[in-house]
Amino acid sequence: MQKRSTCLQDTAAVINGFTNWNKRDFNQFIKANEKYGRDDIDDIAREVEGKSPEEVIEYSAVFWERCNELQDIERIMAQIERGEARIQRRISIKKALDVKIARYKAPFHQLRIQYGTNKGKNYTEEEDRFLICMLHKMGFDKENVYEELRQCVRNAPQFRFDWFIKSRTAMELQRRCNTLISLIEKENMEIEEKEKAEKKKRGTKTPVSQKRKAEAAIENSGKKDAKKAKT
């Protein structure tokens, strides 16, 4: 095992003692932490070129143990945490889409968006339904997914004469999908809160059968006491 010294090199970006790690290796390591999150060591190891998984695991353990010794640790941590926040956001969006789609047996035909006052004047409900269903089907966090979505829109027979949707750019489709995702998240939250309130209400309310049993028990107890008093 390589001998480790007592401190971390600051902005030069390598941990002293790991003499075969250079600044390029360090930058790849940090970017991989940003991309996958600090706990996904397997994917991080694959991103660091020329290093075995064992080497990356060892390096990672020392880095997280002593990273506070780096002079620019605040910048590095901010970079990693921004990436981890994006990961959590993707997880949240995927869950929201999964929940929404699961409500329908045939989402491409049945799915409805609860627009509220945010319907807008340009996109139709049929277009929005197609965008959300296709985005979920392809995987919204897939690389270049909105370019693929654009091609799907252009090839969809139901939009053959729909110049508006066919002429949207990938960026415009992404903005529309972001709006729809926000509406879906709001709808899911409202449904969840309503279900919690109903469950809580049911939990605090004494069922009729239990209430009747309790009343019968009290009545029987009263009759027994009356008999004892007579005797």
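## About the model

Because this is a predicted model, local features need pLDDT of at least 70 and side-chain atom pairs count only at pLDDT 80 or more, while totals for chains, interfaces and linings use all residues. Residues are numbered from 1 along each chain as its sequence is written, and side-chain values use heavy atoms, with hydrogens and water left out.

## How helix 1 meets helix 3

Two packed helices are described by the angle between their axes and the distance between the axes. Here, helix 1 (residues 23-36) and helix 3 (residues 53-66) pack at about 80 degrees, and their axes lie 12 Å apart. Helices are DSSP runs of H or I with at least four residues, numbered from the N terminus. Axes are lines fitted to C-alpha atoms over the stretch in contact, with angles from 0 to 180 degrees between N-to-C directions. The two helices are therefore roughly perpendicular, a label that covers 65 to 115 degrees.

On the helix 1 side, F26, F29, I30 and N33 make the contact, and they meet V56, Y59, S60, F63 and W64 of helix 3; contact means heavy atoms within 4.5 Å. By class, this contact has seven nonpolar, two polar and no charged residues. Ala, Val, Leu, Ile, Met, Phe, Trp, Tyr, Cys and Pro count as nonpolar, Asp, Glu, Lys and Arg as charged, and the others, Gly among them, as polar.

## Two pockets

A pocket is an open set of points on a 1 Å grid over the protein atoms alone, where a 1.4 Å probe fits, with protein on both sides within 12 Å along at least five of seven lines; lining residues have an atom within 4 Å of a point. Helix 9 gives the most, with five residues, and the lining divides into four nonpolar, two polar and four charged residues.

The second largest pocket has a volume of about 190 Å³. Among its lining residues are E34, K35, R86, R89, R90 and D141. Helix 4 gives the most to this lining, with five residues. By class, the lining has two nonpolar, one polar and six charged residues.

## Salt bridges

The structure holds 18 salt bridges, each a side-chain nitrogen of Lys or Arg within 4 Å of a carboxyl oxygen of Asp or Glu. One of them joins D43 and R46, at 2.4 Å from N to O. Being three residues apart in helix 2 (residues 41-47), D43 and R46 are separated by about one helical turn.

Conventions: Parallel < 35°, antiparallel > 145°, perpendicular 65-115°, else oblique. Points joined across faces, edges and corners; volume = space filled by probe spheres on them.
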